[in-house]
Amino acid sequence: MARIELTQSGVLFNEELHEYWLDGKQLSGITEALRKQLHPDMYSSIPKRILEQAAEYGTSVHKSIELFQKEWINNGSVEVQDFIQICKDNSLIHEASEYTVSDGKNWASNIDQVYRTSDDTFSLADIKTYSKMTAEKLELARYQLSCYAYFFEMQNKKAKVDRLYIIHLRNKTMKSGKVEHISDLIPIERIPADICKELLDCELRGEQFKNPFAVPEEIAFQISRVKELIEMKNEAEEELAAIKANILTSMEFLDVKTWVLNNIRLTRKLPTTRTSLNLAMLKTDHPETDYGLYERVSNVSGSLAIAI
C-alpha cells in the first residue's frame with residue numbers, strides 16, 4: 001500500500017469568528033449540532049462567566065500545544081509537558097493538528113490531532129480540559145470523534161481510522177489552593193458512520209435525532225436511585241466501620257471475648273495468620289505438572305458492575 005498523504009478540504013477557517021467557508025458558502029461546525037441533538041441543557045445551569053473562563057482556559061491549552069507542534073516552541077506549561085509525555089508513552093506519531101475535514105456541502109470541523117499509524121491508517125484525538133469527564137461529556141466526545149472519523153474517511157478515500165482518543169489535560173489551582181492535575185489518554189469506541197450521518201441529517205431537517213445509545217427513561221430513573229443507594233451504603237459502611245473499630249478497642253481493653261445485647265452477639269476474633277497458595281508461581285516453577293487434575297470449574301452468572 002502506497003503512503004497516503006492527507007487531502008486538504010479547501011475549507012477556509014476564520015479562527016477569530018470560528019467560521020468555516022467553502023466556495024462562498026458558510027458551513028456549520030458539528031459541535032453545536034451534537035450538543036443540541038444529544039444534551040441541549042448540559043450547560044444551562046452553569047453561569048456564563050464560568051463557561052467563558054472554561055473556554056478561555058481550553059483555548060489557551062489548545063494554542064500552546066498547537067504552537068509546540070507547528071513551531072516547536074515549548075512554553076513550559078504543565079499541560080504541554082503532559083501532552084508530550086502522553087504522545088511518547090503511547091507512541092503517537094504526529095501527522096497533523098487542527099486538520100479541517102468536511103463533507104463539502106454542509107459541515108466542517110477541525111480535528112485537534114491526527115496521528116499516523118501506518119501508510120494508510122490514522123488515529124484521531126480531541127483535547128479536552130474539563131474539570132470532570134461526565135457521562136454526558138463522554139458521549140458528546142464519542143459522537144464528535146466518530147463524526148470526525150466519518151468525514152476524515154470521506155475526504156481521504158483510501159485512508160482508514162483505527163483509533164479514537166480523548167486527551168484529557170488539566171492543571172488548575174482551585175480556590176482551596178489544591179492543584180487539580182489531570183493527564184489521561186481515554187480510548188473511545190467509534191460510532192458507525194451511518195448513525196453519525198443520521199444525526200447530522202436530522203439537524204439539517206430540523207428533526208430530533210433518536211439516539212440508539214440513549215438510556216431508556218425508566219432505566220435512567222432507576223440508575224439515579226441506584227446512585228443514591230450506593231452513596232447511602234458507602235456512608236453507612238463508613239459509620240459502621242468506625243463503630244466496629246471502637247467496640248473492638250473496648251473489648252480488647254476489657255479483655256472481653258463476647259457481648260450479647262438486644263439479640264445481637266458481638267464476638268472478638270483474635271489475631272491470626274492466613275496461608276494461601278500462589279498458583280501462578282507454582283505453575284511457573286513446575287510447568288510439567290497437570291494442574292487440571294486439581295482444578296474445579298464452576299459456572300459464574302452474569303452480573304452488573306456499577307462504578308461511580
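Predicted model: local features only at pLDDT ≥ 70, side-chain atom pairs only at ≥ 80, totals over all residues.
Student: Where do I start with the fold? How many helices and strands does the protein have?

Tutor: Start with the secondary structure. The protein has seven helices and ten strands. Then look at the overall spread. The radius of gyration is 27 Å, well over the 19 Å that the globule rule gives for 308 residues, so the protein is more spread out than a compact globule. The C-alpha trace spans about 85 × 60 × 45 Å along its principal axes.

Student: What share of the residues is buried?

Tutor: Buried residues make up 33% of the 308 residues.

Student: Now the cysteines. How many disulfides are there?

Tutor: Check the sulfur distances. A disulfide needs two cysteine sulfur atoms within 2.5 Å. By this rule the count is zero. Take Cys-196: its closest cysteine sulfur, in Cys-147, is 3.9 Å away, too far for a bond.

Student: Are Cys-147 and Cys-196 buried or exposed?

Tutor: Cys-196 is buried, at 0% relative accessibility. Cys-147 is also buried, with a relative accessible area of 0%. Cys-87 is buried too, at 12%.

Student: Where is Cys-147, and which residues is it in contact with?

Tutor: Cys-147 lies in helix H4, residues 135-155. Leave aside its neighbours within four places in sequence. Cys-147 is then in contact with Ile-30, Leu-34, Cys-196 and Leu-200.

Student: Last item: backbone angles. What is the general idea for phi?

Tutor: Most residues other than glycine have a negative phi. Look for departures from that pattern. His-18 has a positive phi of about 55° although it is not a glycine. Asp-23 has a positive phi of about 50°, and it is not a glycine either.

Student: Where do His-18 and Asp-23 sit?

Tutor: His-18 is in the loop between strand E1 (12-14) and strand E2 (19-22). Its relative accessible area is 52%, so His-18 counts as exposed. Asp-23 is in the loop between E2 and strand E3 (25-27). Asp-23 is exposed, at 77%.

Conventions:
Residues numbered from 1 in each chain as written. Heavy atoms only, no water. Buried < 20%, exposed > 50% of the residue type's maximum accessible area, 1.4 Å probe, protein only. Helix = DSSP H or I, 4+ residues; strand = E, 2+ residues; numbered from the N terminus. Contact = heavy atoms within 4.5 Å. Rg over C-alpha atoms; globule rule 2.2 N^0.38 Å.
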